[in-house]
Amino acid sequence: GKTTTLYGIASELRRHGKSVITTTTTNMQTPRYSTTMPPLVYAADEDDWLETVRIRVGRYGSATVVGAQEREDKLRGLEPDQIVLLRKLADCVVLEADGSRCRSLKAPAPYEPVIPEVTTLTVVLAGIDALGLPLDENIVHRLEQVTEITGAQTGTPITEELIAKTLVRGYLDKIPRDSGRTFFINNVSDSQTGPAESVGRSLIAMGASEVVFGQARNPHGCFYRMTPRKT
């Protein structure tokens, strides 16, 4: 759901009158719903890709910028130093910094995620649909990392606490110091708000400052927000 979330955030920013550049520092799925995707700029194909981006943003209010078309279904990302150059061309730059091969849960490898230091808000995402399923490579990307940081055995059912441990221990220390941080639990229907709240409570107990859950593909539906209780 990361790419869907990416364009959902961009659409909401546009609705509030902000100009937006969407991009990635990893390989990103080509969006299936072309109507949600701003005009594409392939940096590798342009003599002056920054000028092309400037023109597209000025004309349309948004643009998606990638390195190149890796495959029909994959877009190759930009380097972090290229992301910095985009900041002057739009009000907001929204980027996908990690890939999960369409799995619902992941812990990053040592070289992941690729988050530029200038990032002001980082969103860590997982799918509630992993809950109750066996901990294996069909559901989890980087299974070895997940078992290492959680202590869970391969094949055991995925619990709310395991999801929370994976996200906090996998990502929290990799978020830039000056960045805000939000944990988003995706694919949560009304019937799953209880389990999502349980994941949220575990995340907050482990140091999360904000948890949001809902459905990225239904951005106008119900979203819920949890924060630590004030004492």
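1. Gln29 stands opposite Lys74 in S6. Two bridges join S2 to strand S6 (residues 74-76), and these two strands run antiparallel. Helices (H or I, at least four residues) and strands (E, at least two) are DSSP runs, numbered from the N terminus. The model is a predicted one: local features need pLDDT of at least 70, side-chain atom pairs count only at pLDDT 80 or more, and totals for chains, interfaces and linings use all residues. Residues are numbered from 1 along each chain as its sequence is written, and side-chain values use heavy atoms, with hydrogens and water left out.

2. S2 and S6 belong to an open sheet of three strands in the order S2-S6-S5, with antiparallel pairing. Two strands pair if DSSP finds at least two bridges between them. Strand S2 (28-29) and strand S5 (68-71) stand at the edges, each with a single partner strand, so one side of each is left without a neighbour in the sheet.

3. A parallel arrangement is found where five bridges join strand S1 (residues 20-24) to S7. The bridge partner of Thr24 in S7 is Glu96.

4. How do H4 and H5 pack? The angle between H4 and helix H5 (residues 160-171) is about 95 degrees, and their axes are 9 Å apart. Axes are lines fitted to C-alpha atoms, for helices over the stretch in contact, and angles run from 0 to 180 degrees between N-to-C directions. H4 is therefore roughly perpendicular to H5, a term that covers 65 to 115 degrees. Val146, Ile149 and Thr150 of H4 make the contact with Leu162, Lys165, Thr166, Arg169 and Gly170 of H5, where contact means heavy atoms within 4.5 Å.

5. The largest nonpolar core has 32 residues, of which Leu105, Ile158, Leu167, Phe183, Ile185 and Leu203 touch the most other members. A nonpolar core is a set of buried Ala, Val, Leu, Ile, Met, Phe, Trp, Tyr and Cys residues joined through side-chain atoms within 4.5 Å. Two or more residues come from each of S9, H4, H5, strand S11 (180-186), helix H6 (193-205) and strand S12 (211-213). H5 gives the most, with six residues. Not counting residues up to four places away in sequence, Leu167 touches Leu105, Val124, Leu125, Ala126, Leu172, Phe183, Ile185 and Leu203. A second, separate core of 12 residues includes Val53, Ala63, Ile83 and Ala90.

6. Cys102 has a positive phi of about 65 degrees and lies in the loop between strand S7 (92-96) and S8. Cys102 is exposed, with a relative accessible area of 59%. Arg142 likewise has a positive phi of about 65 degrees, in the loop between strand S10 (140-141) and helix H4 (143-150). Arg142 counts as partly exposed, at 23% relative accessibility.

7. The peptide bond from Glu112 to Pro113 is cis, with omega near -15 degrees. Pro113 is found in the loop between strand S8 (105-106) and strand S9 (121-127).

Notes
Buried < 20%, exposed > 50% of the residue type's maximum accessible area, 1.4 Å probe, protein only. Parallel < 35°, antiparallel > 145°, perpendicular 65-115°, else oblique.
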